[in-house]
Amino acid sequence: MKLTFLRHGQTNYNVKNLCNSKPNPKVRLTALGRQQAEVAAKILAKEKFDVIITSQLFRTKQTARIVNHFHHVSMFNDKRLNDRSTGFEGKNVALFYDWRTRQKNIFTSCPRGGESYEDMKKRLADFLADLKKTDYNNVLIVTHLPILKVARGYFKKLTNKQMESYKDGLVKNCKILKFRLQSTKQK
């Protein structure tokens with residue numbers, strides 16, 4: 001199965017450097033974010049997607065709708081693709097990074113009201129295990145920066161440090177990553 005992961009377009013919260021991992025209609029694509037999604041849509045226009053799966057967050061749905069103008073396939077969301085819950089909802093991202101640098105183990109530490117890096121990895125692995133059982137041949141997954149880093153690590157068999165070292169600047173809004181997932185579905 002071919003998987004195409006797409007990070008959502010720029011949002012008003014990206015511009016303000018605010019954390020958001022819960023569905024919040026106030027967090028939406030900016031004009032630039034819509035343009036980024038349109039560029040990604042044109043790049044992906046020749047793909048033959050069976051389905052588009054997004055996180056529950058509005059920004060991924062907005063991005064997916066723009067891309068789907070070329071595909072007209074079913075779309076649904078899955079909470080396992082949501083952004084990492086940092087416990088710093090609506091607060092500056094710098095506060096989360098400051099908290100993280102003070103932890104003995106940044107991968108297992110869990111912020112109050114949030115989840116650990118390991119928790120996020122487990123939910124993505126669970127999502128991929130379920131996806132393996134489907135009949136899809138080509139899937140577009142619209143999600144978030146931390147999930148893209150973890151997906152890259154999953155498919156390239158990277159350590160946590162290697163996953164996390166994939167610098168944010170390399171995973172710009174509407175970045176496209178492609179992988180192959182071995183199906184467990186009996187043909």
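Contact, as the term is used in these legends for packing between elements, means heavy atoms within 4.5 Å. All views show a predicted model.

**View A. Helix 3 and its surroundings.** Helix 3, spanning residues 58-68, is mostly covered, with eight of its 11 residues buried. The buried positions are Arg59, Thr60, Gln62, Thr63, Ala64, Ile66, Val67 and Asn68. These residues pack against helix 2 (31-43) and against strand 1, strand 2, strand 3 (74-77) and strand 4.

**View B. Crossing of helix 5 and helix 6.** The axes of helix 5 (residues 117-132) and helix 6 (residues 145-156) come within 10 Å and cross at roughly 65°. The two helices are therefore roughly perpendicular to each other, and helix 5 passes helix 6 in a right-handed crossing. Helix 5 contributes Tyr117, Met120, Lys121, Arg123, Leu124, Ala125, Leu128 and Lys132, which meet Pro146, Ile147, Lys149, Val150, Ala151, Tyr154 and Phe155 of helix 6. By class, this contact comprises 11 nonpolar and four charged residues, and no polar ones.

**View C. The largest nonpolar core.** This core has 27 residues, and those with the most contacts inside it are Leu3, Phe5, Leu124, Phe127, Leu128, Leu131 and Ile141. At least two core residues come from each of strand 1 (2-7), strand 2 (51-54), helix 5, strand 4 (138-143), helix 6 and strand 5 (176-180).

**View D. Surroundings of Leu131.** Leaving aside neighbours within four places in sequence, leucine 131 is in contact with Met1, Leu3, Ile53, Tyr136, Ile141 and Leu181.

Key:
Residues numbered from 1 in each chain as written. Predicted model: local features only at pLDDT ≥ 70, side-chain atom pairs only at ≥ 80, totals over all residues. Heavy atoms only, no water. Axes fitted to C-alpha atoms, helices over the stretch in contact; angles between N-to-C directions. Helix = DSSP H or I, 4+ residues; strand = E, 2+ residues; numbered from the N terminus. Parallel < 35°, antiparallel > 145°, perpendicular 65-115°, else oblique. Left-handed = near helix turned anticlockwise from the far one by under 90°. Nonpolar A, V, L, I, M, F, W, Y, C, P; charged D, E, K, R; others polar. Core = buried A, V, L, I, M, F, W, Y, C linked by side-chain atoms within 4.5 Å. Buried < 20%, exposed > 50% of the residue type's maximum accessible area, 1.4 Å probe, protein only.
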